[in-house]
Amino acid sequence: MKIIIAPDSFKESLSAPDAAAAIERGVKQAFPGARTLCVPMADGGEGTVAAVLAATGGQWRTTPVSGALGEPMQAAWGWLDDSTAVIEMAAAAGLEQTPPERRDPLRASSGGVGELLRAALDAGARRIILGLGGSATNDGGAGMLAALGVRFLDANGLDLPPGGAALQQLARIDVQGLDPRLAGVQIDIASDVDNPLCGPQGASHTFGPQKGASPEQVALLDRSLARLADVCARDLGRDMRDAPGAGAAGGLGYAAHAFLNARFRPGVELVAELGKLAQAMEGAALAFTGEGRMDAQTLRGKTPAGVARIARRAGVPVVALAGSLGEGYQDLHAGGITAAFSLAPGPVSLQQACENAGQYLCDRARDVMQLWLAAEKRML
């Protein structure tokens, strides 16, 4: 019996490869003879590089970069044998790397992301997969672009300081120094966000508060991003503020649209393609997926929904395991999830749930497998 195991990471507890290994242990405890195939997954946010490298056998690399607030740090990224670089913007400008008391979306910069892109170009990348998600920034990707040679100038012809707030003073954009190597590279953006750049559904209003922005700062940042879009439309003749995904990662999606000619794809679709998940599903009897929390929003591009779509095409039932099941999780059944289960065996604290996530996953997978086997025997 072939069993596919394709979970996302469980935030603050397990990486996708570790989650897959825990589920596999549970399956094997119930059915030692099962033929298991682990395909760790991600949807473009944190854990994307780890999932891709686990599925493809790629290499980890590290590069010194500037963090969201300018601090020096080492950022990890991935390299595949076909000269593809896999980068998470969160590795250089991530919210989880910025303690709550230090979060400052007015000053936070995506410059480190540009430094990672430069490292990929230096390595000879012909394709770059850039995962958007978990950003601490709200600068419209200006920091990333500045690291790639674009100049953002004020009325006096001086370069703007880092951060989204400074974009209010933007007078001119000079793209003459943009790294020419980018023209020969395919850039694929992996994201599960389709928000526009500005307005009530834009980057600042939707994601700014979780990055520490007050209501007044949200309004300021939204005006700043609108200024960026206005000047870009005037100087470059491209107005991409309403393009799907422009509001992803504090507006970094906008920069990818307007300056990098990037191709946007659902993150889970890209990771599944690299991990050959569709091929793995052929002939499988059952598939497991999961992530930290599942609810009605999971259907909007999250990993379990993507795995379920691929499994449904192959006629494979899917069991989802989650740290918690939120409001509307039943909608997942219509999306191809056969059954969904939460992990905790009883009332536990969040800390306990995170610390024991691996064991909980193993136990639930074992129980599901035992039920599956019992049903199989009755049908014989």
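Into which domains is the protein divided? Domain 1 takes in 2-39 + 276-377, and domain 2 covers 48-267, with bounds that come from an automatic or database domain assignment. The model is a predicted one, so local features need pLDDT of at least 70 and side-chain atom pairs count only at pLDDT 80 or more, while totals for chains, interfaces and linings use all residues. Residues are numbered from 1 along each chain as its sequence is written, and side-chain values use heavy atoms, with hydrogens and water left out.

The centres of the two domains, taken over C-alpha atoms, sit 32 Å apart. Where they meet, six residues of domain 1 are in contact with six of domain 2 (contact means heavy atoms within 4.5 Å). About 480 Å² is buried between them, 54% of it from carbon and sulfur atoms; this is the accessible area (1.4 Å probe) that two parts lose on being put together, summed over both. On the side of domain 1 that touches domain 2, two residues are nonpolar, one is polar and three are charged. Even so, the count of salt bridges between the domains is zero (a side-chain nitrogen of Lys or Arg within 4 Å of a carboxyl oxygen of Asp or Glu).

Now to one residue, Arg 241, found in the loop between helix H7 (215-236) and helix H8 (252-260); helices are DSSP runs of H or I, at least four residues, numbered from the N terminus. Arg 241 counts as buried because its relative accessible area is 17%, with the cut-off for buried set at under 20% (1.4 Å probe, protein chains only). Not counting residues up to four places away in sequence, Arg 241 touches several residues, including Pro 196, Leu 197 and Tyr 254.

Methods
Nonpolar A, V, L, I, M, F, W, Y, C, P; charged D, E, K, R; others polar. Helix = DSSP H or I, 4+ residues; strand = E, 2+ residues; numbered from the N terminus. Buried < 20%, exposed > 50% of the residue type's maximum accessible area, 1.4 Å probe, protein only.
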